[in-house]
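Q: I am new to this one and would like to go through it piece by piece. Could you show me the sequence and the model before we start?

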Amino acid sequence: MKKLSKPIIQKLSLLFLLILFGGYSFGQITITGSVFSAEDNQSIPGASIQLKGTSIATITDLNGEFTITATSAQDILQISYIGYKTQELVIGDKTKFTINLETDLQKIDEVVVMGYSTKKKSEITSAVTTLSSEKLMDITSNDVGTMLQGKVAGIQVINSSGAPGSTSEIRIRGISSFSAPQGPLFVVDGIIGGTFDPNDIETITVLKDAGATGMYGSQANGGVVVITTKKAKSDKPQFEVKAVTGYRVADHGNTKMMDSKTLYNYHREYFRDPVNFVIDDRKFKAARPDSLLNVNTNWLDETFNPAFMQNYYLSTSGKSDKFSYYVGANFYDEKGTFINTDFKSINLRANTTYNFSDRVTLTNNINLGGSKNRSADYMNIYYAYTSMPWDNPYNADGTARSFKTATGIWSKDKINPIQSAENSEISNKSFNFDYDIDLNIKIMDWLTFSTTNRLSAATAMDQVYYAKAADNLTYFGTGFVSSQSNFNYSGITTNLLKFNYESGDHSIGGLIGFEAQASNDDYILGSGMGIPEGLRVPSVASGQYAIGGAPSKSVMQSFISQANYNYKGKYFLSGSYRIDQSSQFAPNKRTAKFPSISAAWLVSNEDFLKKNPFISDLKLKASWGKTGMKDIGPYRYMEMFSYSSQYDGLPASVPTQMANPDLTWEQTNQLNAGFEIGLFKRFDIELNLYRNMTQDLLVNRALSPSGGFKSQWQNVGKDMNTGVDLSIGATIVRTKDINWTMDFSVGYNRNELSGFGNDTILTTNSYGVVQVYHDGASLYTWYAKEFYGIDPADGSVLWVDKDGKQTHEYNDARYVEAGSPMPKFQGGFATEFKYKAFSLRANFSYLTGNKIFNYFRRYVDHDLQETQFNVMMPRDDYKLWQQPGDIATKPLPQNARNSFDPSTRFIEDGNFLKLRNVTLSYELPQSVLSKLKLAGMTVSVSADNMFTFTNFWGQDPEVSISPGSGNLPGYAEFKYPNNKQFLLGLNIRF
């Protein structure tokens, strides 16, 4: 082994001592100082300190203090910070400075990226929220929705799965669609669509009302999220290295399964006679021998394990008069808490801008990404919860045993989820590429032409494999393999003339232009059964072949326009008009028009408020506009057939979708009114009220089999969302050493359907769970048989019949409407406490007023109607009926007929409060950083999803609210559980 030389050891020792103790400076002149705001005498962390004309620079620490090494007394200190006037000071004979920066009113009005355009914050006339990367990155995730949860008023974020690589569901101001997609439109660097890594984000702007989203027309019913990626900030090269590592553990919520003894004792109740109510222990012992207690398998501990995760990010940026660049690389590696699951991704982004002159600018952005994922079979998670503790999952040699070939197995279906997971694989490999090229030409001082363009390509390979030895209901003894290849390529071009003309107190700006976009998708699928051991490709299958594949294409062209007027920086008026034409509708329905108008009055710029000591900012605003939804997929207005059968040895078609040549766009009329107010320069409050009416809901409606077609896309009814968004930001304490801030957001939403007339639509999943749609109801309203309780006389189940009376007959029970999974309130609150170089942050998210159909309990809280399933531990208020007169919550097992069939018994409140993140960080002092030649170094420890406070009795109240194949929004069954996460982070900047 090669030994370290003595000089190297000395250098390493010196580095360690510098980090630990701070050390001493060896420059010619050591300059120290503090930077304050002249307005309120508060310290300014992050201010830039540079020796003018050199590359020697540093920034102030969290206390506003700095240390820098000068070369002579003639050096000039240049001190700058966003929103303040730059100062220059000759060093002379001083070595310590106290610097007070004056506010620069022209710079403090930050610029907000709105997608097609940018606006100063004071000019915004609509409901818009902007978050910086610092607000987002307290959560370590590959999903930006997870980072947004609880941070923006009016946004609901649901983490419906904890599987590696999973993404969240985002809903802005409720749900305004029946069957169409409901998430927001993403815009990356001003262009619709695009891919990105969260570490590359500079800011996120959420556009919530039509005054802001109307510019996106038919794609903006679900709101718009504008992502701006990082660009160069400094004239000198800057580098950032970030490493985060830690582990995750599965969060099973309130679910704890019974151990062998507890389950054994509960099974005695199954032998309680329904006539004399005495337990027959002789029959019990014959059916359940004492030897069952010799095995006590905790299946959740065996199938879920602590999982390692790591994330590494490296970036460099810099600029000159002509050229600027940003390059970021990210590697994300997440092991799954469930056995044999994981996710890995790598992303590379390069943003460059070249200034040919002060009038011509060319921007090139490239994003490359790739990922590899192994996911869990739903049934393996199902069996992890339901398998009996009396079954041993392992052979004598420690290998997982097959229950299919074993005897004496108590678990239903004889499947060992451990053996199944080890002998199967569900995987995905993907690669994506985006290339953006933007050209800006300043034709005149007030007129600019811009063309922004993106070419995108993505490919993915989905593979499913089950060895013939794998415990599986369908494929045991034969095996199965499938492989599906997907390819998408698309392009978009936006060409705009932008103008901005000022004359005296008047300012007029806007844009006009044309946009075109096209997308092509293709896939091919092959699968088969009868797989030889060790081979995993469809070509080796010996039977049950299946081949699939189909191309699809969609195009859209758009006219875009916007005009903005500003008078004296007090009165603002903005209007937009967009026309979209989409191939996804019939020729007579392809065109839709989307106008919007908004206005604002910046009251705080009036003379009577300018010097008000209490009100630092006040704006009133209102907007109206139309948005739409088209993304239901191509060909939905056409008659469709499936060539999945044969007749007389020839291909035969089967009708699947009835044509509807009158199918048209969903359109939403949106009205918003609100205000923003700043108080005492410590409190910022924004309140918005909205009313969104969606017409011509796109519904994929099931048809009677007698007509020959399974379904037809129709426009049915209206959907109204009314609500309030409120956000409050407060600086509680602000001194030289202490800074304490708090943020709070809440969104209220009420949903109501209309326009159905006498029509009522029912949607049902394969288990008989029903949702109903009609005038006056909310979207996704549950429609279930009414559960009354347990009969004290004999422990049987009671229902409510159509006359409101009690009945023992499930079939006679009446159907009632029992709430909706759409919440009434959702939001979050956060606090950050800084003391010198230490920072402690915590943020919470909450949701209330929704109802979840918790059919998870049907399988693990089954009143022993499934004697081969384990049982979850009951609530504290649980009471099992055992003798006449008992007021119970659980029936006598022998009298529990129909107890686990769909009913209001399983509809629960979905309320929760989550501690989403706690982070403690420490910023190394400037005295240490200057010796290490670093601009900054932060060490942090954090914990995500630490606590969930809820009465929901299941895995997690965060349940998918997206309609899908065989799935109903708000329906809870078995899911890959969310995870608690404990991380250590290091961020170095130089």
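Q: Let me begin with a helix: is α9 largely enclosed by the rest of the structure or left open, and why?
A: This is a predicted model, and in it seven of the nine residues of α9 are buried, so the helix is largely enclosed by the rest of the structure.

Q: Which residues of α9 are the buried ones?
A: They are Asn 380, Ile 381, Tyr 382, Tyr 383, Ala 384, Tyr 385 and Thr 386.

Q: And what do the buried residues of α9 pack against?
A: Their packing partners are the helices α8 (299-303), α10 and α12, together with the strand β22 (424-444).

Q: What caps the N-terminal end of α9?
A: That is Asp 377, which has a side-chain oxygen 2.9 Å from the backbone nitrogen of Met 379.

Q: What is the phi of Lys 414?
A: For Lys 414, phi is near 50 degrees, again a positive value in a residue other than glycine. Lys 414 also lies in the loop between α9 and α10, and at 33% relative accessibility this residue counts as partly exposed.

Q: Changing topic to charges, how many salt bridges does the structure hold?
A: There are 39 salt bridges in the structure.

Q: Which residue does Lys 412 meet in a salt bridge?
A: The partner of Lys 412 is Glu 866, with an N to O distance of 3.2 Å. This pair links distant parts of the chain, 454 residues apart, since Lys 412 sits in the loop between α9 (378-386) and α10 (417-422), while Glu 866 sits in the loop between α12 (857-860) and β48.

Q: Is Glu 866 buried or exposed?
A: Glu 866 is buried, with a relative accessible area of 12%, whereas Lys 412 counts as partly exposed at 26% relative accessibility.

Q: Which residue forms a salt bridge with Asp 956?
A: Lys 914 does, and the closest N and O atoms of that pair are 3.1 Å apart. Here too, distant parts of the chain are linked, with Lys 914 in strand β49 (residues 912-923) and Asp 956 in the loop between β50 (936-949) and β51, 42 residues apart. Both Lys 914 and Asp 956 are buried.

Q: What does Glu 958 pair with?
A: Glu 958 meets Lys 914 in a salt bridge as well, at 2.6 Å from N to O. Glu 958 is in the loop between β50 and β51 and lies 44 residues from Lys 914 in the chain, and both of these residues are buried.

Q: Which residues do salt bridges with shared partners join into one network?
A: That network is made of Arg 857, Asp 861, Asp 863, Arg 875, Lys 890, Arg 905 and Glu 908.

Q: Now the strands: what order does the open sheet of three strands have?
A: The order is β48-β47-β51, and the pairing is mixed. The edges are taken by β48 (907-909) and β51 (971-972), each of which has a single partner strand, so one side of each is left without a neighbour in the sheet.

Q: How many bridges join β47 to β51?
A: Two bridges join strand β47 (residues 851-854) to β51, and these strands run parallel. One place to look is Asn 854, whose bridge partner in β51 is Ala 972.

Q: Stepping back, how many helices and strands does the protein chain have?
A: The protein chain has 13 helices and 52 strands. Its C-alpha trace spans about 100 × 80 × 60 Å along the principal axes.

Q: What radius of gyration does the protein chain have?
A: It has 32 Å, which agrees with the value near 30 Å that a compact globule of 990 residues would have. Of those 990 residues, 50% count as buried.

Key
Residues numbered from 1 in each chain as written. Predicted model: local features only at pLDDT ≥ 70, side-chain atom pairs only at ≥ 80, totals over all residues. Heavy atoms only, no water. Pairing = 2+ DSSP bridges. Helix = DSSP H or I, 4+ residues; strand = E, 2+ residues; numbered from the N terminus. Salt bridge = Lys/Arg side-chain N within 4 Å of Asp/Glu carboxyl O. Buried < 20%, exposed > 50% of the residue type's maximum accessible area, 1.4 Å probe, protein only. Rg over C-alpha atoms; globule rule 2.2 N^0.38 Å. Contact = heavy atoms within 4.5 Å. Polar contact = N/O pair within 3.5 Å; in protein donor to acceptor, adjacent residues only side chain to side chain.
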